[in-house]
Amino acid sequence: NPPPPAAAAAAADDAPATFVTLTPDPDRFAATTPTFFPNNVESVVNTRASAANSERRGKLVREVTVQYNLCNEPWLKYGAAAVADRGFKKSEWTAARLRRETLFLESHAHRYELSFEGDPEAVDDEGKGLASEDAYRFARCVAPKSLTETTRLGVPLPPSELADVKTGLKWSDVTFGAGSVVVKGQEVKVVRLQFMART
């Protein structure tokens, strides 16, 4: 049976005294850095109303990831949200955006161009684009060019810079998926995109 704690403490008092000399050694331990907590973390009060507002705000946050294209320039990572309509007005639709800009898409090996083929200046009496002019072109670029070289050649690119050209497409012929674009039934896997203003 072990001795009771009081008896063990009394036995320790009878032990001979030992002295230890402590010397400082700054090289023995790495210097510690203090940890700070932001003050606003401690004073946050969550109510049902603030939680609902933060959830609503969170739905509008969009992930933006930058990747390097085939010419080592920063482009956006492809996602359906990056090419989705921006609102309910016709001017905020992607189809209308292509009247002002050309969409370049890239796979791991090729670059593609989706551009408006009709007359972007053709409008009706109310200033809206004519539906009769809505035609699009999808093509594979012969060789990926840098942004400055692409701008110099002209956006959209001239026919000499394109291969596998599909012209006269309706907007319903183009479908954007999670990781691909389907054009008239042909699926093209894409990983990056860039909108460029028409020149």
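**Close-up views of a predicted model**

**View 1. Arg192 and its polar partners.** A polar contact of 2.8 Å links the side chain of Arg192 to that of Glu106 (a polar contact is a pair of N or O atoms within 3.5 Å; within protein, one must be able to donate a hydrogen and the other to accept it, and residues adjacent in sequence count only if both atoms are side-chain atoms). This is a predicted model, where local features need pLDDT of at least 70 and side-chain atom pairs count only at pLDDT 80 or more, while totals for chains, interfaces and linings use all residues. Residues are numbered from 1 along each chain as its sequence is written, and side-chain values use heavy atoms, with hydrogens and water left out. A polar atom of the Arg192 side chain also sits 3.1 Å from the backbone oxygen of Ser107. Arg192 belongs to strand β10 (residues 192–197); helices (H or I, at least four residues) and strands (E, at least two) are DSSP runs, numbered from the N terminus. Arg192 counts as buried because its relative accessible area is 7% (buried means under 20%, exposed over 50%, partly exposed in between, with a 1.4 Å probe and protein chains only). Gln67 is 125 residues away in sequence, yet its C-alpha is 7.0 Å from that of Arg192.

**View 2. Ser115 in strand β4.** Ser115 is part of β4 (residues 111–116) and is buried, at 1% relative accessible area. Its side chain makes a polar contact of 3.4 Å with the side chain of Glu113. Leaving aside neighbours within four places in sequence, Ser115 is in contact (heavy atoms within 4.5 Å) with Thr102, Ala135, Tyr136, Arg137 and Pro156.

**View 3. The largest nonpolar core.** Among its 20 residues, Leu103, Leu105, Phe138 and Leu193 touch the most other members (a nonpolar core is a set of buried Ala, Val, Leu, Ile, Met, Phe, Trp, Tyr and Cys residues joined through side-chain atoms within 4.5 Å). Strand β4 gives the largest share, three residues. Apart from this core lies another, of eight residues, including Trp75 and Met196.

**View 4. Two residues with positive phi.** Asn72, in the loop between β1 (66–68) and β2 (74–77), has phi near 65 degrees and is exposed, at 62% relative accessible area. Asp164, in strand β6, has phi near 50 degrees and is exposed too, at 57%.
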